[in-house]
Amino acid sequence: MKTIGYAALSATTPLAPFTVERRELRPNDVAMEVLYCGVCHSDLHTARNDWGWSTYPSVPGHEIVGRVTAVGSEVKRYKVGDSVAVGCMVDSCQRCDQCQKGDEQLCRQGNTQTYNGKDRITGEPTFGGYSKHLVAREEFVLRVPEGLDPARTGPLLCAGITTYSPLRHWKVGPGTRVGVLGLGGLGHMAVKLAVGLGADVTVLSRTPDKQADALALGAHRLLVSSDKDAMKKAKGSFDVIIDTVPVKHDVTPYMPLLDIDGTLVIVGQLGPLAETSSMPLVSGRRRITGSLIGGIAETQELLDFCAARNILPDCEMIRMDQINEAFERMEKSDVRYRFVIDMASLSQANAD
Ligand SMILES: [Zn+2]
Ligand SMILES: [Zn+2]
């Protein structure tokens, strides 16, 4: 089936209307009309080939919320009309130890990314949610619980699970002392989710001007990292720091903030770290680790958790034809805190 979407045809061309071919339904496939799609930094990095592995045409989008329009003959969990979502992956081997325990993102054979991936059966490129329709296998389709606003659910599928998974893995709960580094799309979700889990949450920022925003999101305080006295006083006062900074940076000043056995989790940056000393790691048995999205069951758990506690991202709704402007604004961190595309704005007129 042919549908309309927006694609980058090369690393240097802006996104523009594009005809997307969706496969005929396999027995375990779910077809959906995309209603909303969040805009992630990875979309921009992929469209512009910042990581060097993009293929073109590139149809980004992996914070997808839609409504089921058809199901394959063997689909059991979903029916036409259901409110559903698709995140960063659409397939995995389903057999390895990681898939078996629900960590499909860590599949030994590699998971299949929602866009810029390769279909495991045909080898054809995968196209993401900047598109009117999408087809995905049932196992990778999530249910949007009643009570969760579909217009604001999208960012939970990437920004949400990327921060929720490490909070759960490192057992954040009532009383855990959590620091959040960086207050963008990921950081603002980390704050809301850590607060929702009952943690004591501090936003770390170089400048004091984030104070009001941090408190408005539910954080208990802001720690200004350029304030030497405040940093000295905060030594050893965190169990977990979620580091959402998207660019190369130095984690050295933050390591002494961790208590003994404390953990700094990198979720924002892919690539070389600035040189750092092993001193705080060795002397305090502290660790630096990373985390990649989360498994399907855990993502469903997140959606249910957010519905139960009414936790939602702060979103700015845009039209599909505003995507290039949105990319530019994202690069300047000029968004609070996530753009979401209202896919009703993408009509056949765009494709003509
Ligand atoms: Zn993403
Ligand atoms: Zn696997």
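Before clicking, one cut-off: buried means under 20% relative accessible area, exposed over 50%, and partly exposed in between (1.4 Å probe, protein chains only). Residues are numbered from 1 along each chain as its sequence is written, while chains are lettered from A and ligands numbered from 1 in the order in which they are written. This is a predicted model, where local features need pLDDT of at least 70, side-chain atom pairs count only at pLDDT 80 or more, and totals for chains, interfaces and linings use all residues; side-chain values use heavy atoms, with hydrogens and water left out.

Select Arg 221, which is partly exposed at a relative accessible area of 37%. Element labels are DSSP runs numbered from the N terminus: helices (H or I) have at least four residues, strands (E) at least two.

**Stop two: Lys 2 and Glu 21**

Jump to Lys 2, exposed at 62% relative accessibility. What does the side chain of Lys 2 meet in a salt bridge? Show Glu 21: the N to O distance is 2.9 Å. The two are 19 residues apart, with Lys 2 in strand E1 (residues 2–7) and Glu 21 in strand E2. Glu 21 is partly exposed, at 46%.

Select Arg 329 and Asp 334 for another salt bridge, 2.9 Å from N to O; Asp 334 is partly exposed at 37%. Then pick Arg 23, Arg 26, Asp 29 and Asp 119, which a network of salt bridges links. How many salt bridges are there in the whole structure? A search finds 24.

**Stop four: aromatic rings**

Rings of Phe, Tyr and Trp (its six-membered ring) pair if their centres lie within 6.5 Å; planes under 30 degrees apart count as stacked, over 60 as edge-to-face and the rest as tilted. That rule gives three aromatic pairs. One to select is Phe 18 with Phe 127: the ring centres are 6.1 Å apart and the planes at 75 degrees, so this pair is edge-to-face. Phe 18 belongs to strand E2 (residues 16–21), whereas Phe 127 is in the loop between strand E7 (112–113) and strand E8 (133–137), 109 residues apart. Finish on Phe 127, which counts as buried at 13% relative accessibility.

How values were computed. A salt bridge is a side-chain nitrogen of Lys or Arg within 4 Å of a carboxyl oxygen of Asp or Glu.
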